Each structure stands twice: as C-alpha cells, then as structure tokens.
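Please walk me through this model in the viewer, one selection at a time. I would like to know what to pick next and what is there.

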Amino acid sequence: MHNKIILKVLGILLMVFSVTLIPPFFISILYMDNGTDDFGFSALGLFLLGLSFWLPNRHESRDLKIRDGFLIVVMFWTVLGFAAAVPMYFATNINLSLTDAIFEAFSGLTTTGATVISGLDHLPPSILWYRQQLQWLGGMGIIVLAVAILPMLGIGGMQLYRAETPGPVKDNKLAPRISETAKALWYIYLGITTACAVSFWMAGMNWFDAITHSFSTVAIGGFSTHDASIGYFNSVEIEVITMIFMYIAGINFALHFTAFRHMSVQRYLSDPEYKVYTLILLGGIAIVTSYLYGTQTYGTWQEALRYGSFQVMSIGTTAGFASADFSSWPAFLPIFLILMSYIGASAYSTGGGMKVIRVMLLFKQGLREVHKLLHPNALMPVKLSGKPVSEKIMAAVWGFFSLYVFIVLVSTLLLMAMGLEPLTAFSAVTATITNLGPGLGGVASNFSNLSDPVKWFLTFLMVLGRLELFTILVLFTAAFWRK
C-alpha cells in the first residue's frame, strides 16, 4: 500500500472539508449567534491538520490501487465524521457530550437523519445550517466531489469512485474521465438542489428554511430546522414539493445524466429499475392510504392520502422527514413503512437501503430457481432490459443480501443484550443501517435516551450502511493487509 499517497489524499480531503465550515461561519456573523469562534477555529484547525498530512507528501504521484481506494474512503469517512463533530462539541450555545456530537455529525454526513437533539426551533441558525449542510455534502459523497480534482494533482481517482458509489455495478462511468464523471454528478446535484430551494421559497418558506431543507431533501437526509420536521409548516404545497424532490433524488443519477444529455424522458421510461422504484412507491401509497382511511385514522380520504403518501415517499426513499407521527398509526403501518426502507432508493442515488436494483435481481433469481425446478437442464440467465446479468454480479448481490440480513439480526440481538426492548432495538438498527433516521419505540422521537455504547454502535452501523457493507468489512480480512 502507498502510505504517503494515502496521507496526501487525506490531507487534500481534510483541507477541502475545512472550507465547508466557512458558510456556517458567515451565517453566525449574519445572525450574531456567537458561533463564529466555533466554526472559525474548527476550520483553521482542520485545514492545518490536512496541510500537515499533505505538505510532506506533496510530491508523491502514483496511481491508487484498489486497496488504497478502500482504505482512503473508510479512513476519510471516519476522520471526517470525527472532524465534523468538533464545532458541535465546542459550541457554547448548545450542550452536547462528545458521544452525542459524534453521533450527530456521523448521522448528518451519512444522510441518516437520526438525531439526539431536541428543541431544534431554538438552536442557533449557524448550527442548524451546519447540520443541513453536512447532509448535503454526504448525499452524493464528498469524496466524489474531491475526486474531480485529484487527477490534476497526479492521483488517479477511479478506485475512490468505485469504493464510494452505491449499487452493485460500479464500473459504469458517465463520461470518459473520472473527473468529468464526478463533475457531471455534482452539476446535476447542484441543479436539483437549486430548483428545490426556489420551489420551497415560492411555496412560503423563508430563504433560510428553503435552502436548508433543500439540502436535506435532495440528500435524502431528513434533518430539519424544526422539531416537527415538514409538519411544522402545515402546508400541502410544501409537502408536495418535498415529495417530488425526494422522488427525484431517489432516482439513479446516471439516469438523470443520460436523460438530460439526450433530452429524452424515454430514458426514464425504458429503465427497469426506475419503473420498479416508481411502482413500489405507488403501491406503498395505495396500501397506506387505504389502511389509514379504512381504520378511520383520518376522517377523510384526502387526509389519508395527504399524510399516507408523504410518509411512504419519505420512508420509502429513506429520507426520514415527517408530516405526522407515523409511529402512533395502527401497528401494521409503522412496521410496513420501516420494512420499506430496507428496499430503499435506486442505485447511484442519494438514498439508502439495499437499493431497488438488488431487490429486483433477487426477485428475478428467485423466479429463475422456481422455473429451473420444471426445466432443470435449461439455461436461464437473469436478465435486465433484455440483457443477461453476469453470474459474478448475481453472486455479489446474493452475498450482499445474506450479509445484510445477518448483520441486521446480530445487531438487533446485540442491542437487546444491551438493554433495549425488541421493537426499539430492531427499529434503531433499521434506522441506522438503511440510513433512514426515524425509528419506533424508544427512538420514535430521537436517540438521546440511548446509552453511549449503543450510540457508538449505531454510529458504526450508519457508516456501514452508507458505504454498503463491503467497503468497510473488507478491511477486517487478513487478505486485505497481506502484501
């Protein structure tokens, strides 16, 4: 492994992240909320730390190997998570323990949206902005942003890109060069965020809420500047806008790119993952709305549709916003919604979960096995869009699924052994490993009542889910470290 190259890259990424503390610094000045020192000194400290990594190794120039890429991604998310906690921990106008500050920072950066903070309506604007901004940066992956400049520094970025991007197929590039791919992703991301912010503002939000909620909506993060989340605004227009942009952000960004480049809606309609993603959400809306109305949870079908469709879109895409307290709905619905989050959004999107394309492939594989019972000697490849999927990819999908289920079960049992009741343990694991955010039982409102060891474990699950298991778990194998 190229240790000097790894330190050089980490230094660059830390210096890049230190620059992101400048906006909340100026927000603090604008609102005079006494947070300027917290963000100013944190930005300076992180920049100097990154500089100390980069300066001695600045002349190193080699291509990254696959092991280097995995190690950098995991190290950077770990280091960055701790670094992002610094302004929160030292903030004089909020009172967070070290564990809570780290939990909140990792939750923001991984776009999980689980929080240990209550009284959001009374927090300083600079802290509120910072929490939302963390989600926006984590949404597409700050490493994809930084990788756009690595080739200019003599460092190939493809291994970082493969380790960072979600989904089972990671070698498809939108443009011939990796830097162009990263730039294309971020232009799309920035454009959708801008459109979302303008839409929120036109629907009645003030400019601060419009921008900050666009951050967490497009990142499918779920953080809000209010304890009541989107329900604070009590606006059908704002709820519809949120649903639209959560839906858009949950679509494969490569699909956005090709559709925009060819100026063709047909690109969406011909994509099998997009069609299944849409059908899952529409089916969920139909089930939840019917059940809410049938059980008289809401008096009219319009209310049932309003609140049911919002929560399906929010939980189904793993955003985690709330327009109502879904945990108090009839017991079938909270469990149904939580289970929907395991499917999650599309691959190559800002959403969490296992990704729709994996679920599709698992379903197709199951059907193939049934058909092979009738025709045991027939060759029946799994196909997507009429093209066969390689057995290598199918094996990887099955491996991911089995490992995912195993980790969820073991983690739930572990939390129960640490004192949590079953529903709280299961929903806490689900909320973190799928990067969903809200849970049920003891974590329905927030995660502040959990013990510190539980919070540390859930923080690990957030990163594990964000990097889709293998990127982290490969570091725990002897083969990874063997020369």
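Start on the surface: select Leu 30, Tyr 31, Val 198, Trp 201, Met 202 and Trp 207, which form a nonpolar patch with about 670 Å² of accessible area together. Accessible areas come from the Shrake-Rupley method with a 1.4 Å probe, and for residues only the protein chains shown count as cover. Patch residues have over 30% relative accessible area and no salt bridge, and nonpolar side chains (Val, Leu, Ile, Met, Phe, Trp, Tyr) are joined within 5 Å, like charges within 9 Å. A salt bridge is a side-chain nitrogen of Lys or Arg within 4 Å of a carboxyl oxygen of Asp or Glu.

This is a predicted model, in which local features need pLDDT of at least 70, side-chain atom pairs count only at pLDDT 80 or more, and totals for chains, interfaces and linings use all residues. Residues are numbered from 1 along each chain as its sequence is written, and side-chain values use heavy atoms, leaving out hydrogens and water.

Next, colour helix 2 (22-31) and helix 9 (178-202), the elements that give two or more residues to the patch. Helix 9 gives the most, 3 residues. Helices are DSSP runs (H or I, at least four residues), numbered from the N terminus.

Zoom in on Tyr 31, in helix 2. Tyr 31 counts as partly exposed because its relative accessibility is 34%, between the limits for buried (under 20%) and exposed (over 50%).

Now select Leu 337. Leaving aside residues up to four places away in sequence, Leu 337 touches Val 288, Gln 311, Val 312, Ile 315, Phe 326 and Trp 329; contact means heavy atoms within 4.5 Å.

Technical notes. Buried means under 20% relative accessible area, exposed over 50%, partly exposed in between (1.4 Å probe, protein chains only).
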